[in-house]
Every structure is written in C-alpha cells, then in structure tokens.
Amino acid sequence: MFHKEGGKIILIATTLTVAFLLLADTFIATIWLQKVVEITVLLFLLLILQFFRNPVRTVKINDNHIIAPVDGKVVVIEEVFEGEYFKDKRLQVSIFMSPINVHVTRYALNGEVKFSKYHPGKFLVAWHPKASEENERTTVVIKNRVFGEVLYRQIAGALARRIVNYAEEGMHVTQGTDAGFIKFGSRVDLFLPLGTKINVKLNDKAIGGKTIIAIKS
C-alpha cells in the first residue's frame, strides 16, 4: 500500500519514468548507455515508491503504553526543558527517519488533541541540536487518561519540504492510526512526563505502531 500523500508524486514519477524509457529506446543507439539510463530511471521510481509505502500494521491499543509514532532510530533520550507548551522539564525521546524508512506518522497514544500548531522554519539536518526549535515543524499535544498530556513534534529535515499533520484541536484520536506524513527525511520528538518508564535505548530501531517507547510506571 502507498500513502495518499504520495499519490501526486508517484503519478508524476511514473509518467517521467515511462517518458525517459521511451526516449532512451528511441534516441540512444549505444546499447550499454541505453541500459544505464533505463536502470537509473527505474531505480528513481523504486526509490519514490518505497518512500511512500504505507504498510498495514495491527496495533495493540493500550493506554499504559506509548508506542513509536514513526519508523527510525532512537537518537535522543534525555530530560529537557520544553519551552513551547509545557514550559517545564520533560523526558524527550527522538526518532530519526532516514529517506529509506517508512515516513507515516502514527498517533502514539489515545486521547484528545489539546494543541496543534504549525511552525515555518529552517531545514537543518534532522539530527542537528537546534532542529527541534528552528526547523519547519508541527507541535501536537494529546491528553491521555493515563499519561496526561504528551507532546509530539514532527520536524522537517534537510531534504523534507512538507510536513502533513492531520491532528486538529478537539479531535479524539486512536493509538496507531494515521496522524500525518513527513516528506523526504525527518525526525519526531516525543515529550513525556517526568517519571515515565522508557522502554527503549539509544540507537534502538523503532517500528511505528509496534515498538513500545514508554510504559506508565
């Protein structure tokens, strides 16, 4: 399956691929050069298709668990000051997505959306320390009956040029369902209440909708 946000790009990429294959077959007489061009454009199409893939995942809903909102590598686990919404200390867990990861964002927990805001910004590499504050990003806060308010932040990376966020204030959302998409390289930060038991370690590979990031202690 492919995510709906990739529909237009997939259509354009497929059209361009077919066009280049036809042009190569018509105008390139040298066989080896023709094959190089054909393989290159096919690899380009495969890259686009794999980026927008949207695997079906069965989520075990549990209010005592916070699950990974995205696929990627855990790059930050630390106590920080969150200055946009909470204005106090929180436990931050960050997951970095490379261009080959699934880029669907899923809701990490059940609850009501209390806050949702888009911020234009820079396009620093996603692992840059200031990316969470200076890059293009969205901030969403969900109030859950067990964890209270949990904030997650979608952050654009150096290649990303569009963040899609479906969360709107007042919505009631279900853990594991589609919360948005970030195109071409990015990161998601979770800000959890102090005292939350973290269930992952640095450099762990997280699977969106599957990996349990935190457990209510």
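Predicted model: local features only at pLDDT ≥ 70, side-chain atom pairs only at ≥ 80, totals over all residues.
1. Ground rules. Local features need pLDDT of at least 70 and side-chain atom pairs count only at pLDDT 80 or more, while totals for chains, interfaces and linings use all residues. Residues are numbered from 1 along each chain as its sequence is written, and side-chain values use heavy atoms, with hydrogens and water left out.

2. Overall picture. You'll find three helices and 14 strands (DSSP runs, H or I of at least four residues for helices and E of at least two for strands, numbered from the N terminus). The C-alpha trace spans about 65 × 35 × 30 Å along its principal axes. Of the 217 residues, 49% are buried (under 20% relative accessible area; exposed is over 50%, partly exposed in between, with a 1.4 Å probe and protein chains only).

3. Salt bridges. The count is ten, taking a side-chain nitrogen of Lys or Arg within 4 Å of a carboxyl oxygen of Asp or Glu.

4. Arg 57 and Asp 71. Their closest N and O atoms are 2.7 Å apart. Arg 57 sits in the loop between α2 (31-51) and β1 (65-67), and Asp 71 in the loop between β1 and β2 (72-82). Arg 57 is partly exposed at 21%, whereas Asp 71 is buried at 8%.

5. Arg 145 and Asp 63. This salt bridge has an N to O distance of 2.9 Å and joins residues 82 apart in the chain. Arg 145 is exposed at 70%, but Asp 63 is buried at 16%.

6. Glu 82, Glu 84 and Arg 153 are linked by salt bridges. Arg 153, in strand β7, is buried at 4%; Glu 84 is partly exposed at 23%.
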